[in-house]
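Please walk through the structure below in a viewer, one selection at a time.

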Amino acid sequence: MKAITVRAPSTIANLGPGFDIFALALEHPYIELRMELTGTKSIAFNLDGCREDIPDDPEKNCAGLALMGMFSKINSNTGVLIEPKKTIRVGAGLGSSGACASASVYGLNRLLELDLSHNQMIEIASQGEIASGSVAHADNVAGAMLGGFVIVKSYHPVDVVRMDVLAVPIVIGVMRKTQRTTRSFIPKSMDLALVKEQLAQCALVVHAIMKGDIEELGRAINKDHISEPVRSQSIPGYADIKRRLLDSGAYGCNVSGGGRSVFAICDEGRTQDVAAAMQEAFNHEHIDPEIIITRASNEGITEIAGE
Ligand code: HSE
């Protein structure tokens with residue numbers, strides 16, 4: 001096989017309280033990448049037709065950086081040309097960089113028949129996140145690679161547990177961050193009383209997913225003492241937006257990944273009401289985000305075509 005086209009889903013990393021360890025894959029949006037082996041030892045991009053502002057310098061591109069690390073570990077005389085065909089909004093906390101890094105590592109693994117394990121590919125892809133101004137973290141890349149709900153149970157070495165999820169309805173107000181990353185504002189330590197609450201919320205997320213209980217999942221993702229207090233500061237009127245979403249029938253809401261998008265979980269029959277409340281709440285703050293109605297998905301990376 002000389003070329004492959006792969007699809008990878010967007011993800012909600014952290015899923016409320018699970019900072020750097022939880023992620024949930026979504027039905028849409030998703031990315032599609034075509035990758036072709038080349039005779040030159042280089043990583044090149046064809047960004048024609050790409051709506052997003054994606055750098056073509058491999059060191060500044062999540063897929064490029066992940067593949068640089070991958071090529072440095074293997075003995076290969078080939079290079080690769082990457083063509084994004086479909087993209088996810090960049091810098092909005094929907095895992096666009098993780099999806100690109102995961103898809104490119106998966107694609108190269110298939111093209112060069114390296115037979116790497118999922119954990120090995122996730123570890124390599126997690127290094128690509130550094131290009132988005134962040135540190136290496138595996139939650140988005142694991143969710144994109146495997147689909148469903150993932151728990152990064154170890155970082156050294158990377159080891160991920162995956163669980164199937166119900167098609168939980170999710171409404172997202174998509175907004176780009178104003179800064180490249182806000183990770184440096186995350187506190188380095190936490191009061192023990194808050195640690196206990198955080199642990200209880202994380203346990204509740206896992207319990208709700210195992211039970212397939214959407215209402216409990218909503219309550220579980222609704223509270224977080226690590227990311228939400230930091231990321232919500234860049235969302236004007238966040239407390240009011242959250243209250244309006246809960247009043248409209250959402251079971252819970254929080255900031256998606258590194259922000260600034262806001263996601264809410266609700267029953268299938270309430271998605272239009274929650275989407276309308278989200279639109280109204282943001283408009284009240286003079287913000288006009290794209291509103292997406294989607295679902296949790298068990299699909300990770302899929303191969304669309306091989307040539
Ligand atoms: N766990 C990551 C964070 C996800 O919160 O920074 C965002 O990429």
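What follows is a tour of this predicted model, from the domains down to the ligand.

**Domains.** Start by colouring the chain in two parts: domain 1, covering 3–165 + 296–306, and domain 2, covering 169–294. The C-alpha centres of domain 1 and domain 2 are 24 Å apart. Next, select the residues where the two domains touch: 35 residues of domain 1 are in contact with 36 residues of domain 2.

**Shell.** Select the residues around the ligand: Ala 13, Asn 14, Phe 19, Asp 20, His 137, Asp 139, Asn 140, Arg 183, Arg 231 and Gly 258. Colour this shell by class, and 2 residues come up as nonpolar, 4 as polar and 4 as charged. Then return to the domain colours: domain 1 and domain 2 each supply at least three residues of the shell.

- Select Asp 20, where a polar side-chain atom is 2.5 Å from a nitrogen atom of the ligand.
- Move to Arg 183, which places a polar side-chain atom 2.8 Å from an oxygen atom of the ligand.
- Go on to Asn 140, where an N or O atom of the side chain lies 3.1 Å from an oxygen atom of the ligand.

How much of the ligand's accessible area does the protein cover? On its own the ligand has 260 Å² of accessible area, and the protein covers 90% of that.

**Last view.** To finish, show the ligand with both domains coloured, and find the shell residues that come from domain 1 and from domain 2, at least three from each.

How values were computed: Residues are numbered from 1 along each chain as its sequence is written. This is a predicted model: local features need pLDDT of at least 70, side-chain atom pairs count only at pLDDT 80 or more; totals for chains, interfaces and linings use all residues. Side-chain values use heavy atoms; hydrogens and water are left out. A residue is near a molecule or strand if one of its heavy atoms lies within 4 Å of it. A polar contact is a pair of N or O atoms within 3.5 Å; within protein, one must be able to donate a hydrogen and the other to accept it, and residues adjacent in sequence count only if both atoms are side-chain atoms. Accessible areas come from the Shrake-Rupley method with a 1.4 Å probe; for residues, only the protein chains shown count as cover. Ala, Val, Leu, Ile, Met, Phe, Trp, Tyr, Cys and Pro count as nonpolar, Asp, Glu, Lys and Arg as charged, and the others, Gly among them, as polar. Domain bounds come from an automatic or database domain assignment. Contact means heavy atoms within 4.5 Å.
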